[in-house]
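Trainee: I would like to learn how to read this structure. Please take me through it feature by feature.

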Amino acid sequence: MRLLFDSNTWQEIFGSIRKNKVRTVITMIGVLWGIFVYIAMSGAAKGLDNGFEKQFESVAINSLFTWAQSTSMPYAGFKTGRQLQLKLGDAQVLQNRIPEIEYIAPRNVRGVFGGSPGLIVRGQKTGNYAVYGDYPVFTRIATKKIYDGGRFVNDKDIENARKVCVIGERTQEELFEKGENPIGEFIRIDNVYFQVVGVHKFTPGGGFESDSDIYIPFTTYQKLYNTGDRVAWFTIAAYDTADVVQVEKDVKAVLKSIHRVHPEDERAFGSFNLGEIFNRIMGFANGLTFISLIVGVATILAGVIGIGAILLISVKERTKELGVRRALGATPREIRYLIILECLFLTLLAGIIGVVLGAAVLNLVGNLTEGGDFPYTNPTVPIPWLLGALGLMVVLGVLIGLIPAQRAVSIRPIDALREE
Amino acid sequence: MIQIKDLHKSYRMGSNSLHVLKGINFSVKEGELVAIMGSSGSGKSTLLNILGMLDVADSGEYILDGIPIKNLNETKAANYRNKFLGFIFQSFNLINYKTALENVALPLYYQGVGRKERQAKAMKYLEQVGLREWSHHVPSELSGGQKQRVAIARAMVAEPKVLLADELTGALDSKTSYEVMDLIQKINDQGNTILVVTHEDDIAHMCKRIVHLRDGVIVEDKEIEQVRASQYVQ
């Protein structure tokens, strides 16, 4: 151990490394490449991971949607092909019967899944936009960013069926002058005046929503379009700990019993399980991370073995030098340390350069993809991974170094000197 | 300084063994300059290797400055070599990527001497062999004679009890050989004990005593009138 912290030891090692530059560089390339691949790949995997997470950040990841279709099996006296319709009352039943449900938001819409979009008029300007009927609880499931000064639909709006609306960025752009504050202004939705109470910021993230959507209170929607207690679909969020796939099954089972559908009728209710998709994508990202870990470690291993092989050759090449050193009084232990520390030093130096290069490439790729549609955000390598890789290199470097070191001391000084 | 009694050494070559040293007895006093002569195969290099603890005898006694040299493991041998012996080789055996100064300082490194002191001491010995201004040149930039003088400085730097030189002029022309021998004589004049293995008569006659080896035994051991090498050097 004393040898490790002795500046003389390091001078010997630097001397031997500095004077064999080509060998040193070639030796280092293997490990450098290995750690570079490791950093670049695991960073990229982390970037994808972060990217996917960002895509889903505006929606509760354990949420699902369910809607009614038509039956495909006769049941309880009903013939097959009966068109089903979700009712507002279903929400309460679902919430009561399935304790895993945290929030349930009934929604209606015009202009997305059929039905004509609302005709929106303000002064001389008109446009056709999708109109949603919503409960405030919806924002618990999918966050809606509202620009300063505005708000989403609230409970009072629902209670009094107020004629208020939240408009989209594009709606604002198309109906209002530049710089004009839309909050408090009135627009006409299908010939009824609504007061604008908020502008929502659109976050891309898939789905059918857009930056021009208009949200109005569910109760107001009922009156405006005469929908009664009909509901287009439920957006449901389960508790974080719940199994979303099971919740989805339970929801469908409950709906089937309410609507008197054959328990085995698979087509009666449709659903889209965001939680399951999310889990699948995250599984993919995790798999990618795992693969990058395996590939990275394997490449580092290959690189370190390369260093060992080149040092083995270099020991052969330096037989005479090592013999001279021993004739001059170097003990076998000192020779062994010299070779092992050389191996270790080369490994670590190559590793650190590889980390720097890998980080630079990650940074470059991160900057290039910033703001694009590609799900790739903040590619980083967790510090424990980095330390783990460096630790692995130290261990492998020493272990591999043992082979040429052993070879070096197994040569007797007299044979080394005799060799021409 | 050196006492050797009934030294035997044989090498195993396949099935038959080659008896190289067949009972060597001799001793060297402090300050002697001894030439060990003999044709190739006479066992002179083997003897030197055993004296240098690079090789071990099969049987016999070897006492160096009162210390019996036996049961050596590699580490112990390395420490003895470092403390007691200085080596000069035919092919110089300088480390080619180290400067003359670093080469000379190397034995001190293995003694654990600090860098500053090492370099000062190495410089002192380089100066003694007349290579002060060549201290930062690597061996490939030096002539054969210069290389051997660096090697001599390296052998001297640890202040060993005995200098062992194996055909030290073998790779040098006669003029350079005499220069090197002049240096060796001067070092001997300061009281250092030196053993020179050679097969060249003129080199041997520059020593004070000649030991003749033939077929593994000493056939002649005589004190001679030393020829000073300085008369051949301008």
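Trainee: Where is Ser210(A) found?

Mentor: First, how elements are named: helices (H or I, at least four residues) and strands (E, at least two) are DSSP runs, numbered from the N terminus. Ser210(A) sits in the loop between β10 (192–201) and β11 (214–217) of chain A. Bear in mind that this is a predicted model: local features need pLDDT of at least 70, side-chain atom pairs count only at pLDDT 80 or more, and totals for chains, interfaces and linings use all residues. Residues are numbered from 1 along each chain as its sequence is written, while chains are lettered from A and ligands numbered from 1 in the order in which they are written.

Trainee: Is Ser210(A) buried, exposed or in between?

Mentor: Count the other C-beta atoms, placed from the backbone, within 10 Å of a residue's own: 20 or more means buried, 12 or fewer exposed, and in between partly exposed. Ser210(A) has 15, so it is partly exposed.

Trainee: Which residues is Ser210(A) in contact with?

Mentor: Contact means that C-beta atoms, placed from the backbone, lie within 7 Å. Setting aside neighbours within four places in sequence, Ser210(A) is in contact with Gly168(A) and Phe202(A). Compare C-alpha atoms too: those of Ser210(A) and Tyr129(A) are separated by 9.6 Å, yet the two residues are 81 apart along the chain.

Trainee: How many residues of helix α10 of chain A are buried?

Mentor: In α10 (residues 319–327), 7 of 9 are buried, so the helix is mostly covered. Among the buried ones are Leu322(A), Val324(A) and Arg325(A).

Trainee: What covers the buried residues of α10(A)?

Mentor: Both chains take part. The cover includes α11 (332–369), α12 (383–410) and α13 (413–418) of chain A, together with α2 (74–84) and β6 (85–88) of chain B. Just after α10(A), Gly329(A) takes a positive phi of about 115°.

Trainee: Which residues of chain A does the "transmembrane region" annotation cover?

Mentor: UniProt positions are given in the numbering used here, feature names are shortened, and annotations may be inferred rather than shown by experiment. The unreviewed UniProt entry gives 21–41, 290–315, 335–362 and 382–403 of chain A. In the model, residues 21–41 are 100% helix and 0% strand, with end C-alpha atoms 29 Å apart. Residues 290–315 are also 100% helix and 0% strand, and their end C-alpha atoms lie 37 Å apart.

Trainee: How many residues of chain B are in contact with chain A?

Mentor: 21 residues of chain B are in contact with 21 residues of chain A. On the chain B side, α2(B) gives the most, with 6 residues. For classes, Ala, Val, Leu, Ile, Met, Phe, Trp, Tyr, Cys and Pro count as nonpolar, Asp, Glu, Lys and Arg as charged, and the others, Gly among them, as polar. That side of chain B has 10 nonpolar, 6 polar and 5 charged residues.

Trainee: Which residues touch the most other members of the largest nonpolar core?

Mentor: A nonpolar core is a set of buried Ala, Val, Leu, Ile, Met, Phe, Trp, Tyr and Cys residues joined through C-beta atoms within 7 Å. The largest one has 122 residues, and Ile36(B), Val104(B) and Leu195(B) touch the most other members. Its largest share, 12 residues, comes from helix α2 (residues 21–55) of chain A. Apart from it lies another core, of 53 residues, among them Ala60(A) and Val247(A).

Trainee: What is the strand order in the open sheet of chain B?

Mentor: Two strands pair if DSSP finds at least two bridges between them. The sheet has 6 strands in the order β6-β7-β8-β3-β9-β10, with mixed pairing. β6 and β10 (217–223) of chain B stand at the edges with a single partner strand each, so one side of each has no neighbour in the sheet. Inside the sheet, β3 (residues 33–37) and β9 (residues 209–214) of chain B pair in the parallel sense over 4 bridges. Ile36(B) has Val211(B) in β9(B) as its bridge partner.

Trainee: Which strands does helix α1 of chain B lie across?

Mentor: For angles, axes are lines fitted to C-alpha atoms, for helices over the stretch in contact, and values run from 0 to 180 degrees between N-to-C directions. α1 (residues 44–51) lies across β3, β7, β8 (193–198) and β9 of chain B, at about 150° to β8(B). Helix α5(B) packs on the sheet too, touching β6 and β7 of chain B.

Notes. Contact = placed C-beta atoms within 7 Å.
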